[in-house]
Amino acid sequence: MIEQNPNADANEQVLEAHKYPAWLLGVAGVIVVASIYSLFLTPKYYPAASLLGKAEKADEAQQVQQAVDLLHQAVAKVPDSKKIRLELAYEDFKLPSQEAHEDAMAALDGITMSPDEWARMSTVMPAEYQSQFKETEDK
Amino acid sequence: MFFIPGFIIGIITFPGVIIHEMAHRIFCDISGVRVFKVCYFRVGNPSGYVLHEHTTDLKASFLITVGPLIVNTVLCSLLTFTPAIAFSLKPAHLHPIFYVLAWVGLSMGMHAFPSNQDAKNFEAVVDATGKHGLLYWVSKAFRGLIFVANLLRMVWFDLIYAVAVAWVLPHLLLHSISLSDFNN
């Protein structure tokens with residue numbers, strides 16, 4: 001909030017321009033350091049997100065193998081990303097090879113899917129693989 | 001919908017309040033408007049304030065008013081850039097710094113909009129010019145926009161704005177890059 005003081009006279013104490021309290025500069029410094037540290041972590045996540053985006057475009061263009069290749073690159077960058085692993089499994093299941101399906105199952109290892117994610121996955125997952133999954137109780 | 005008293009939101013999002021007042025102060029200094037007192041943060045309503053001399057300079061008044069909108073929005077976007085991308089990938093483990101940055105960044109975004117008092121001060125300066133040209137009506141529209149934005153805080157507009165700012169830059173960038181790379 002700002003307030004203008006129409007009754008201010010020349011004797012009123014004026015703060016020196018561009019001079020800020022030390023604690024405020026400290027807060028600003030912490031924010032700057034945190035931002036820089038965060039930017040150092042960007043190279044890990046940004047390329048993975050970019051590859052995921054390209055894979056989604058490849059999927060829209062029905063280029064499944066290209067999508068799988070891009071997602072393999074993405075998962076190598078962020079191996080514990082649930083979103084990338086789900087997408088990789090989804091694309092792998094679309095391919096007609098046993099090897100791709102095993103790759104999909106490896107991508108899903110240890111992942112708990114939400115009902116929406118399961119509904120989407122089961123549209124491409126062959127029935128013999130679906131029987132290997134079980135419902136879990138909500139935590 | 002749940003309601004939390006403003007002063008509690010102020011406490012939770014205090015980094016945004018501090019930077020909001022700092023932005024007013026910086027633009028006062030840049031515009032050569034003397035500042036008498038600054039409260040960067042306090043528990044109460046308002047959570048902070050800047051007391052400065054009366055100015056009839058329209059440009060200075062405008063800059064002082066919109067200062068937080070510019071500074072807080074830019075900082076919100078920068079601070080949340082990497083966390084927003086990381087969260088979107090749903091990794092099993094995330095560095096704690098991302099949670100800290102997301103909190104600080106969203107705090108900035110939530111306090112980006114000028115208060116009604118800020119807009120009223122600007123409107124008073126415009127009225128004092130006595131002119132009813134384009135600038136007058138733009139300032140009236142700006143005043144109305146700020147009023148509506150502050151009214152919508154009841155339905156968490158400040159948080160919605162912060163989340164939107166955090167979301168827009170990384171997703172626009174990712175979308176444009178993936179689209180152009182794929183087309184090439």
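**Note on a predicted two-chain model**

1. Read from the N terminus, the elements of chain B follow the order α-α-β-β-α-α-α-α-α. That order contains seven helices and two strands. The model is predicted, and the points below should be read with that in mind.

2. On confidence, chain B has an average pLDDT of 89, and 95% of its residues score at least 70. For the complex, the predictor gives an ipTM of 0.84 and a pTM of 0.87. Where pLDDT is low, the predicted coordinates should not be read in detail.

3. The overall dimensions of chain B come next. Along the principal axes, its C-alpha atoms fill a box of roughly 55 × 45 × 35 Å. Of the 184 residues in chain B, 42% are buried. Among the contacts in chain B with a separation of 6 or more, 75% are between residues 24 or more positions apart.

4. One residue pair in chain B illustrates a contrast between sequence and space. B:Leu135 belongs to helix H6 of chain B, which covers residues 134-151. B:Leu135 and B:Leu58 are 77 residues apart along the chain, and their C-alpha atoms are separated by 9.6 Å.

5. Chain A and chain B touch. On the chain A side 38 residues are in contact with 47 residues of chain B. The elements of chain A that give two or more residues to this side are strand S1 (2-5), H1 and helix H3 (82-94). Which of them gives the most? H1(A) does, with 19 residues. By class, the chain A side has 21 nonpolar, ten polar and seven charged residues.

6. B:Ile97 is one residue to look at where the chains meet. B:Ile97 sits in helix H4 of chain B, residues 96-110. Apart from its neighbours within four places in sequence, B:Ile97 is in contact with A:Ala34, A:Tyr37 and A:Ser38. B:Ile97 has 15 other C-beta atoms within 10 Å and is therefore partly exposed. Within its own chain, B:Ile97 is 14 residues from B:Pro83 in sequence, with 8.7 Å between the two C-alpha atoms.

7. Two packed helices are described by the angle between their axes and the distance between the axes. In chain A, the axes of H1 (residues 22-60) and H2 (residues 64-77) come within 8 Å and cross at roughly 165°. H1(A) and H2(A) are therefore roughly antiparallel, since an angle over 145 degrees counts as such. Their crossing is left-handed. Residues making this contact include A:Leu51, A:Leu52 and A:Ala55 of H1(A) and A:Ala67, A:Leu70 and A:Leu71 of H2(A). The contact residues divide into eleven nonpolar, two polar and four charged.

8. H1(A) also packs with H3(A). The axes of H1(A) and H3(A) come within 11 Å and cross at roughly 25°. H1(A) is therefore roughly parallel to H3(A), as angles under 35 degrees count as roughly parallel. This crossing is left-handed. H1(A) contributes A:Ala48, A:Leu52, A:Ala55 and A:Asp59 to the contact, and H3(A) contributes A:Lys83, A:Ile84, A:Glu87 and A:Glu91. By class there are four nonpolar, no polar and four charged residues in the contact of H1(A) with H3(A).

Note on methods
Residues numbered from 1 in each chain as written. Chains lettered and ligands numbered in written order. Predicted model: local features only at pLDDT ≥ 70, side-chain atom pairs only at ≥ 80, totals over all residues. Axes fitted to C-alpha atoms, helices over the stretch in contact; angles between N-to-C directions. Helix = DSSP H or I, 4+ residues; strand = E, 2+ residues; numbered from the N terminus. Parallel < 35°, antiparallel > 145°, perpendicular 65-115°, else oblique. Left-handed = near helix turned anticlockwise from the far one by under 90°. Contact = placed C-beta atoms within 7 Å. Nonpolar A, V, L, I, M, F, W, Y, C, P; charged D, E, K, R; others polar. Buried ≥ 20, exposed ≤ 12 C-beta atoms within 10 Å, placed from the backbone. pLDDT = per-residue confidence, 0-100.
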